[in-house]
Amino acid sequence: MEWMEMTAAELGKKIRAGELTAVDAAKAALEKIKEKDEELNCFVTVDEEDALARAARVQEKIESGELTGPLAGVPVAVKDNICTEGVLTTCSSKILYNFKPTYSAEAALRLEQAGMVMIGKTNMDEFAMGSTTETSFFGPTRNPWNTEHVPGGSSGGSCAAVAAGECSCALGSDTGGSIRQPSSFCGVTGLKPTYGTVSRYGLIAYGSSLDQIGPIARDVTDCALLLEAIASHDKKDSTSIARESYDFTSALKDDVKGMRIGIPRDYFGDGLDPEVAAAVRGAAEALKDRGAVVEEFDLSLVDYAIPAYYVIASAEASSNLARFDGVKYGYRAEEYEGLHNMYKKSRSEGFGEEVKRRIMLGSFVLSSGYYDAYYLKALRTKALIRQAFDRAFEKYDVILGPAAPTTAPKLGESLSDPLKMYLGDIYTISANLAGLPGICLPCGTDSQGLPIGLQLLGDCFQENKIIQAAYTYECVRGRFPLAGQQQ
Amino acid sequence: MANIISDETMEYVGILAKLELSDAEKEAAKRDMGRMLDYIDKLNELDTSGVEPMSHVFPVSNVFREDVVENGDEHEKMLVNAPKVKDGMYQVPKTVE
């Protein structure tokens, strides 16, 4: 097997055993990027020299016995909204086209502490606003399973890079499904942790009450390992939670006997592709055969999650993105008259269409006269959605369903109708509103050969239940191929 | 379309958002926002009377820490990112006559 066909855990093991060095691994990843990324455009920034220097330093520490962890020496990619000191961090936006942070995000630092070698920054929808990675200022990323299709978004670059074997694993961020939906479209495994589990310090904010950084990898084991590396209580993020346990790998058990799994009937209604429905139901059957108690139930309120989300996320975005004004960093318009005109011009020229659309909507729903009717109404709806999940988790350990209603659409089909694109997030968004952890892993391919994703949601702080269920399903399913590999 | 966004509203939102849209962009934004609000109006089907707005999913509030400087002086490093710098400060257009 080629190095880049291995999982992060397998590669880490080989490195520890001295069968290859961290530098060899980084070289293998960089070579794949050279071979494939011109077409796929998964990366905004790859600094070969930097990556190899980092790998050499890591290798020294592995040899001296300073680094002994399971991921030491493994190449990793980082989404371009996660700050990395001295390395270009653009959020795939013109307004940050030249921004080199003076500090690293806590999650990026923790990767470094685990001995992982950052090889580059991945493409995304501008400011993580989008579901296709087509709103990037640096052009769309293509789906490695079929380059005429989108990889999903907004962590499309990270997911496509893992699916193409350009890196072993990656970090993404998930505000409304931005890890899980592209994982579904790219046939990789992505996990959105419970809100507050991974520090948001250094994550360029979109919807602060919804944003979480999480792992994207080839399998459940890698996701658990990576989550263990990045999760922490960080006083630099006031919404960071001190959890009782940061052990996620002990949940890697092939056992679901007696586990209660609920399937929301409301997830299988209109708009769900029959091939996706069949594959997801097949996965549920497989878990049932392994001893899980699987039943259907009515979750309720599913149709209200998207409108509530767009009010809350846009409102928070309009506030968070106020900092981009052409003064402290990033793009400044060339011609302007006075200070206010400079702000306006820099922002209007620096932000793309979708970002402006959401800032406008957010400013509107927060404006006096509309605040109660829209913003508070959405926060009340959020409370009801949370209650619906509370009721569900009284009965079930895990909620099982599709991650997205379809497989990856073709490039150019989504942006013309934003509302329709937003509807594609129907199964993922409510987990962000309720703060829940969710994992998406491949459960088959459709008749076009595109991957289908299975989503498992858990109650807050119950990552280990979804990891265990996902791992058990994975044991039944077997290894899922990389894009272009034979199944 | 139930929500008709007036030019005045767009003008006001533009001021709040600090965005300057071209006429064509304004028309598109009016249409998009109207459509989005029509969709968002779906929330009115829900009876939320007596439901407290939930801004945070966990009962965490007022997270304090000691007011101690822990990071070093990054003055020089930070200025490197600024579009315009003068005498060790950010430079902006003249704001007072």
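Okay, a definition to start: a crossing is called left-handed if the near helix is turned anticlockwise from the far one by less than a right angle, and right-handed if clockwise. Helices here are DSSP runs of H or I with at least four residues, strands are E runs of at least two, and both are numbered from the N terminus.

Some housekeeping. This is a predicted model, where local features need pLDDT of at least 70, side-chain atom pairs count only at pLDDT 80 or more, and totals for chains, interfaces and linings use all residues. Residues are numbered from 1 along each chain as its sequence is written, with chains lettered from A and ligands numbered from 1 in the order in which they are written.

The model has ipTM 0.95 and pTM 0.97.

So, that crossing. H11 of chain A, residues 353-366, packs on H2 of chain B, residues 23-40, at about 60°, with axes 10 Å apart. Axes are lines fitted to C-alpha atoms, for helices over the stretch in contact, and angles run from 0 to 180 degrees between N-to-C directions. The crossing of H11(A) and H2(B) is right-handed. Who makes the contact? From H11(A), Arg357(A), Met360(A), Leu361(A) and Phe364(A); from H2(B), Ala29(B), Asp32(B), Met33(B) and Met36(B). Contact means C-beta atoms, placed from the backbone, within 7 Å.

Now over to Thr102(A), in the loop between strand S2 (75-79) and helix H4 (106-113) of chain A. Leaving out residues up to four places away in sequence, Thr102(A) touches Glu85(A), Glu74(B), Lys77(B) and Met78(B). Val87(A) is 15 residues from Thr102(A) in sequence, and their C-alpha atoms are 9.0 Å apart.

Terms used. Contact = placed C-beta atoms within 7 Å.
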